[in-house]
Amino acid sequence: MLFASDLDQTLIYSARSFRLLPDHKLPAMSVVETYDGKDISYMTDHAIKHLLQLTSQASFVPVTTRTIEQYRRISLFRDVILPAYGVVSNGGNVLVNGVIDQEWNQKVKSNVSQMCLCTQDILSQFGEISHASWAGSLKLADDCFHYCIVERENIPTEELASFSLWAKSQNWKISLQGRKLYLVPAVVNKWDAVLYIRNLLEEKTVIAAGDSLLDLCMLEQADYAIAPRHGEVWESYSRGTLPISSVQFTNQAGILAAGEILDYVSQFTAYKMQA
């Protein structure tokens, strides 16, 4: 069995994203990421314990839009849990024992050149609607996709929606997550990378977890899927704009959802092992 899970706001959380209710006592937790001398990401000790147990029962694959450098900042996966495989750069790169799988990377780049409108044209069209009042400068992530920091309250909603529809017709995906706007070739996606690893490991069953629309392809294609009660997937489902019946949602939001996700996967794994 393969457990493919998004990281930020699915398993690991910044202090601003804990989403603890007033009557919730702060759970026991550990720092899992430090940057520039500051503790920036956490997991509950309950979730870490269950993830450690899971790694002995299933193939755990971290899946993230983070760049390789950003992923390597997570001390949990450097000092405590050492996943043999990881998906980074939103699927643009697969890591095998920490090393880039060049075969996968070249395959992705070939697919981008053959199946997606060239980057220059996408960026040129985006430049027609972007403005310093709401969009920061675009950054290239691992030569796989672009993103920028935005001021959400200043975004020209209709113009961005129109651009997103056009980009979709050109095989690109536009995703707004928090204060980041992503411009990603459609073939650079998490599910294709997870499928590649599943085939390498010859695993039959995939359980996926994730909170954002960039996780949606993975959630929809996995055999079983769970999402936290927050984030783009939950919000879209709540509004009725995302009619998905195959995804289970946690009862809790925020950092406590991580433990609930891992409880679900642990129970399912134990059931499968006994069957």
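In the predicted model, the side chains of glutamate 151 and arginine 179 meet in a salt bridge, with an N to O distance of 2.9 Å; a salt bridge is defined as a side-chain nitrogen of Lys or Arg within 4 Å of a carboxyl oxygen of Asp or Glu. This pair links distant parts of the chain, 28 residues apart: glutamate 151 is in the loop between β9 and α6 (157-169), and arginine 179 is in the loop between β10 (172-177) and β11 (180-185). Helices (H or I, at least four residues) and strands (E, at least two) are DSSP runs numbered from the N terminus. Glutamate 151 counts as partly exposed at 32% relative accessibility, and arginine 179 is partly exposed at 46%; buried denotes under 20% relative accessible area, exposed over 50%, and partly exposed the range in between (1.4 Å probe, protein chains only). Residues are numbered from 1 along each chain as its sequence is written, and side-chain values use heavy atoms, with hydrogens and water left out. Because the model is predicted, local features need pLDDT of at least 70 and side-chain atom pairs count only at pLDDT 80 or more, whereas totals for chains, interfaces and linings use all residues.

By the same rule, the count comes to eight salt bridges. Another of them joins glutamate 33 to arginine 73, the closest N and O atoms being 2.9 Å apart. Glutamate 33 belongs to strand β2 (residues 29-35) and arginine 73 to the loop between α2 (68-71) and α3 (76-80), so the pair ties together parts that are 40 residues apart in sequence. Glutamate 33 is buried, at 0% relative accessibility, whereas arginine 73 is partly exposed, at 22%. Both residues belong to a network of salt bridges that also links Asp8 and Arg66.

A further salt bridge connects lysine 109 with aspartate 143, the closest N and O atoms being 3.7 Å apart. Lysine 109 lies in helix α4 (residues 102-115) and aspartate 143 in the loop between β8 (139-141) and β9 (145-149), so parts 34 residues apart in sequence are tied together. Lysine 109 counts as partly exposed, with 35% relative accessibility.

In helix α1 (residues 45-54), the buried residues are Ala47, Ile48, His50, Leu51 and Leu54. Viewed down the axis of α1, these fall within an arc of 165° and so line one face of the helix; the arc is that of the directions from the helix axis to the C-beta atoms.
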